[in-house]
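The structure is shown below.

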Amino acid sequence: MIKKIIVFVLLAYIPSLLVLFVGCAEEESYMPEISGVVTNLHYTADYTSTAYVPAKKTYSPPAKKKYKKVTTVRKDYYAEPKWTPPKGSEKGWNAIVIHHSATQRGSMATFDDYHRNVNGWEGVGYNFVVGNGYGSGNGEVETTFRWSQQRVGAHCKTDYTNWANKNAIGICLVGNFEQSRPSYRQMFSVSKLVKFLSSRYNIPASRIYGHKDTPRHSTSTNCPGRYFPMVALKSKL
Ligand SMILES: [Zn+2]
């Protein structure tokens with residue numbers, strides 16, 4: 001009976017003992033093999049010979065971004081084509097001087113006639129004339145030869161430098177604003193015009209003057225009149 005038990009126990013455990021033994025044996029014999037392989041990988045000639053050619057590192061600079069030329073068009077005003085001076089002749093204007101005509105009616109033609117024949121000038125002294133409906137359209141903007149030809153103006157005398165006639169754009173609104181205000185259409189047009197000019201020549205609001213407030217002006221004048229809404233004009237820029 002005892003023999004039977006011993007045989008049974010042996011039969012039951014021998015396979016598992018064998019597995020343990022074989023497993024250990026395999027593990028022991030396997031380890032050197034692994035280290036052999038690793039050694040081979042690191043020290044055989046193959047690694048440094050032509051069998052292994054490291055990829056050449058070539059430097060390529062980062063691709064330049066292609067920027068699209070952006071032309072922004074301000075939609076808040078509409079510039080009339082004739083306000084843009086002809087190519088090649090454009091001057092670097094740096095101020096704007098506002099005038100009134102001190103007359104009830106008028107146009108570029110009537111001022112041109114007066115300035116030419118009475119004052120003996122080359123022609124109308126302003127760069128732009130904004131009509132009031134009497135002599136020219138109400139709110140109509142006329143562009144004079146001094147603008148289209150980018151000539152020195154004759155609208156605002158200063159000291160010997162003559163800086164305002166040389167560098168400031170002269171805009172005359174028909175009317176006498178010592179007596180009344182400009183028309184709504186005149187203000188609408190002159191706002192658009194001033195907006196266009198100040199944007200094109202980077203003229204800040206601080207360099208938009210009424211004739212009487214122009215630095216170093218040398219004529220005693222009320223121009224453009226006490227009722228001209230200069231603050232309102234500048235606030236629309
Ligand atoms: Zn004036």
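## Pairing of strand 2

Strand 2 and strand 3 (residues 138–143) run antiparallel and are joined by four bridges; two strands count as paired if DSSP finds at least two bridges between them. Helices (H or I, at least four residues) and strands (E, at least two) are DSSP runs, numbered from the N terminus. The partner of F128 in strand 3 is T143. Five residues lie between the strands of this hairpin, where G133 adopts a positive phi near 100 degrees. With strand 4 (residues 168–173), strand 2 pairs in the parallel sense over three bridges, and V129 has C172 as its bridge partner there.

The model is predicted: local features require pLDDT of at least 70 and side-chain atom pairs count only at pLDDT 80 or more, whereas totals for chains, interfaces and linings use all residues. Residues are numbered from 1 along each chain as its sequence is written.

## Burial of strand 2

Strand 2 (residues 128–132) is mostly covered, with five of its five residues buried. A residue is buried if 20 or more other C-beta atoms lie within 10 Å of its own, exposed if 12 or fewer, and partly exposed in between, with C-beta atoms placed from the backbone. Covering extends to both faces: F128, V130 and N132 are buried on one side, V129 and G131 on the other.

The open sheet has five strands in the order 3-2-4-1-5, with mixed pairing. Strand 3 and strand 5 each have a single partner strand and stand at the edges, so one side of each lacks a neighbour in the sheet. From one strand to the next, the twist averages 20 degrees; axes are lines fitted to C-alpha atoms, for helices over the stretch in contact, and angles run from 0 to 180 degrees between N-to-C directions.

Helix 6 (residues 184–200) contains 17 residues. The buried residues in helix 6 are Q186, S189, V190, L193, V194, L197 and S198. They lie on the same side of helix 6 because they cover an arc of only 155 degrees around the axis, the arc being that of the directions from the helix axis to the C-beta atoms.

These buried residues pack against strand 1 (95–100), strand 2, strand 3, strand 4, strand 5 (208–210) and helix 7 (230–235); contact requires C-beta atoms, placed from the backbone, to lie within 7 Å. Helix 6 runs at about 35 degrees to strand 3. N202, which follows helix 6, has a positive phi near 55 degrees.

Conventions: Expected span 1.5 Å × (residues − 1). Contact = placed C-beta atoms within 7 Å.
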